Amino acid sequence: MDEPTLKITDSRTSKDYEAPIQNATIRAMDLRQIKEDSNEFGMLSYDPGYTNTASCTSRITYIDGEKGILRYHGFPIESLAENCMYTEVAYLLLHGELPTTSELRNWNEEINHHTMVHENIKKFVDGFLYDAHPMGILVSSVAALSTFYPDAKRIESRSNRRLQQLRLISKIPTLAAYAFRHSLGLPYAYPDNDLTYTENFMNMLWKRTELRYKSSPVLAKALDVLFILHADHEQNCSTSTMRTVSSANSDPYVATAAASGALYGPLHGGANEAVLQMLDEIGSAKNIPEFINRVKAGEVRLMGFGHRVYKSYDPRARIIRQVADEVFEVTGRSPKIDLAKELERIALEDDYFVKRKLYPNVDFYSGIIYEAMGFRPEMFTVLFAIPRTSGWLAHWEELMLDPERRIARPRQVYLGPEEREFVPIDKRLGEAQKAHN
Ligand code: CMC
């Protein structure tokens with residue numbers, strides 16, 4: 001069969017063009033041949049927010065937004081959440097296969113080997129105000145790691161990249177715990193490498209004077225599941241940032257810091273914190289209808305609802321709803337879960353949300369669990385950044401091995417003034433004078 005093509009007729013010139021179709025995609029560069037006259041630059045596609053632009057090929061994560069499917073390297077998220085520990089999933093993301101028992105043991109040992117951070121990081125974190133947002137501390141301290149590991153600049157070496165990947169996955173919980181304890185005025189707790197990844201994180205967060213903090217196995221498992229659910233989500237805002245910054249051959253620490261900065265935003269990973277603020281503002285179930293009216297009037301957004309890709313229930317939100325019940329068995333039931341479930345029920349019966357296919361996303365229920373576990377809302381996005389680091393790094397590795405890798409550099413449609421004559425400063429009219437004239 002002939003190679004499939006897209007036939008385009010330009011009504012300005014009546015000329016016909018063909019663009020080869022591969023994987024239901026045409027190459028944007030094939031549009032460049034379309035010109036009104038030969039001196040023109042050629043046609044571009046315009047796509048603010050990249051709603052319909054594939055920026056890369058990837059083999060890591062598959063999402064079907066209509067059916068609510070999420071898979072890492074082909075494995076359904078539900079099976080991974082039920083059967084794996086987070087580090088096993090991080091291995092899968094970076095290697096493309098699930099580890100054997102011995103591979104997982106070695107991987108966990110390698111990760112444990114790198115959990116310590118340089119003592120100067122403590123001084124660095126100490127410099128922040130007591131009420132500094134922990135995401136601000138995390139973004140800055142991850143970027144600061146770049147100065148501690150100048151060898152990370154050797155990005156073309158595969159073994160060197162692997163070392164930086166191990167360092168980042170290992171050290172990010174340590175930095176997160178430092179940010180947490182700084183805000184409480186507690187001394188920093190060193191990692192304990194005899195513990196699992198999640199238990200060690202809990203130990204660094206909550207250890208006081210006891211020799212070893214004893215974490216609840218139910219809460220440790222719940223945190224592990226939450227880490228698995230947040231580990232990757234293909235070309236979201238922060239992962240695209242990771243790829244964009246890395247495409248300039250920047251080192252992975254500054255790229256991870258930039259990705260964390262994108263995650264911090266309330267439309268992305270910061271939504272979990274915003275959901276709790278929203279539930280606090282609503283207060284009780286009787287106020288939900290009024291709040292929904294404000295959403296429909298465009299005054300506020302229903303945080304934790306809606307998604308660029310999912311146009312049905314986010315499969316991660318479904319799993320988190322189940323985890324919530326297990327967590328509450330240990331911590332006691334949070335009244336916010338009932339408020340959130342009622343909010344979800346009312347929203348899903350409302351035409352505004354039905355028509356726009358707005359469903360709960362991963363952030364709708366996660367914050368309620370985190371709060372029940374003892375985290376303040378400011379820590380929620382930090383808890384997202386920890387596991388997402390393995391996803392960011394998997395995309396970094398894929399980018400580095402991509403023969404089509406080029407520096408990310410979008411085009412623009414220029415709508416500003418044509419060339420103008422320069423006006424000396426004493427001849428320029430200020431805004432007030434222009435308005436007066
Ligand atoms: N509440 C009310 N209306 C909404 C919401 C919402 N949460 N989300 C989308 N809409 C409306 C929006 O006003 C628009 O309506 P209209 O067509 O009348 O103008 C329509 O639905 C489409 O919205 P959009 O903003 O064009 O959709 P998008 O794909 O650009 O944005 C989103 C996706 C996630 C930024 C958005 O749904 C949103 O702001 N949600 C709330 C924030 C949130 O929960 N973010 C977490 C996302 S999941 C985890 C992550 O990415 O980190």
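Good morning. I begin with a loop: Asn249 sits between helix H9 (237–246) and helix H10 (252–264), where helices are DSSP runs of type H or I with at least four residues, strands are E runs of at least two, and numbering starts at the N terminus. The model is predicted, so local features need pLDDT of at least 70 and side-chain atom pairs pLDDT 80 or more, while totals for chains, interfaces and linings use all residues. Residues are numbered from 1 along each chain as its sequence is written, and side-chain values use heavy atoms, without hydrogens and water.

Asn249 is not a glycine, yet its phi is positive, about 65°. Most residues other than glycine have a negative phi.

Asn23 belongs to the loop between strand E2 (15–20) and strand E3 (61–64), and its 70% relative accessibility makes it exposed.

I turn now to the ligand.

Which atoms of Leu267, Tyr352 and Asn361 lie by the ligand? A polar backbone atom of Leu267 is 3.0 Å from a ligand nitrogen. A polar side-chain atom of Tyr352 lies 3.0 Å from a nitrogen atom of the ligand, and one of Asn361 lies 2.9 Å from a ligand oxygen. Thank you.

Note on methods. A polar contact is a pair of N or O atoms within 3.5 Å; within protein, one must be able to donate a hydrogen and the other to accept it, and residues adjacent in sequence count only if both atoms are side-chain atoms. Buried means under 20% relative accessible area, exposed over 50%, partly exposed in between (1.4 Å probe, protein chains only).
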